[in-house]
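Visitor: I am new to this structure. Please take one place where two parts meet and go through it closely.

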Amino acid sequence: MSLARRVRLKTYVMIALMILFGASGDVLLGKGMRESGGFSIASPASIFDGLRRGFQNDMVWLGMSSLIVFFICYMLVLSWADYSFVSPASASSYAVVTFLSWFALGESVPYVRWAGVAVICLGVFLVSRTPTRTTQEN
Amino acid sequence: MGVALLLGIVVFAGTSGEISVTRAMKEIGEVHHFHPRAILGVLGRAMRSGWMWLGLAPLAGAFFSLLTLLSRENVSFVVPLTALSYVVGALMAKFFLGEEVSHVRWIGVLLVVLGVVLVWVG
């Protein structure tokens, strides 16, 4: 496998991991925070109280761990790939989440949302046709 | 705090935080090994980079502003607006990181923004 191809492949693997851990982290954290009584930023005391209640919930811990893995993957891929490549490419998570909510959870998805998914996929496809890195390694 | 101000913080602080993190990671150089110990080494080096900390602070600010926004407004209102980050991000990557944002990449970015808006309006 050529060097450029290998870099492209590891970029795609990292972005796939970002989507997996980012999306599941968001879902778990959201679910956990709602279960533990919600979050309010009305005052520093209420933020503290929300965090304290959140940390007693397993789902919140799982969600946070998932988001930490997401961020590590993000950091790693940015060590070689362009920010302006990775950031729009990771938007494919919207498409994945919409597809999963329809396929796995049986939610009904309106046509406009499917149109959005199609447009995102087209955008990500175009971005993926550009070089993963346009700056020089120093 | 007004919605516009909070949204501004989410988009601009969030994006400049990510640009700083990118800068820190580019300084460290391309990661080739993915053994847990190698990854821990990379994280350790990242934590000793000034750019990393310069990035984490606004990212935290953006995160809390987003939580505030989400507790006040509907997700379907907030998320399409935060999609502006993709445009701001491409501009900042061009000017602060020297990345080459070609026409094709720009069209891709704009389609992504349009798609995110449609997903959340639909």
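Guide: I19(A), G22(A) and A23(A) in α1(A) meet S92(A), S93(A), V96(A) and V97(A) in α5(A), where a contact is two C-beta atoms, placed from the backbone, within 7 Å. Of the residues in this contact, four are nonpolar, three polar and none charged; Ala, Val, Leu, Ile, Met, Phe, Trp, Tyr, Cys and Pro count as nonpolar, Asp, Glu, Lys and Arg as charged, and the others, Gly among them, as polar. The model is predicted: local features need pLDDT of at least 70, side-chain atom pairs count only at pLDDT 80 or more, and totals for chains, interfaces and linings use all residues. Residues are numbered from 1 along each chain as its sequence is written, while chains are lettered from A and ligands numbered from 1 in the order in which they are written.

Helix α1 of chain A covers residues 3-35 and helix α5 of chain A residues 92-103; they pack at an angle of about 60°, with axes 10 Å apart. Axes are lines fitted to C-alpha atoms, for helices over the stretch in contact, and angles run from 0 to 180 degrees between N-to-C directions. The angle makes α1(A) oblique to α5(A), a label for what is left after under 35 degrees (roughly parallel), over 145 (roughly antiparallel) and 65 to 115 (roughly perpendicular).

Chain A as a whole has six helices and zero strands, these being DSSP runs numbered from the N terminus (helices H or I, at least four residues; strands E, at least two). Its C-alpha atoms fill a box of roughly 50 × 45 × 25 Å along the principal axes. Among contacts in chain A with a separation of 6 or more, 77% join residues 24 or more positions apart.
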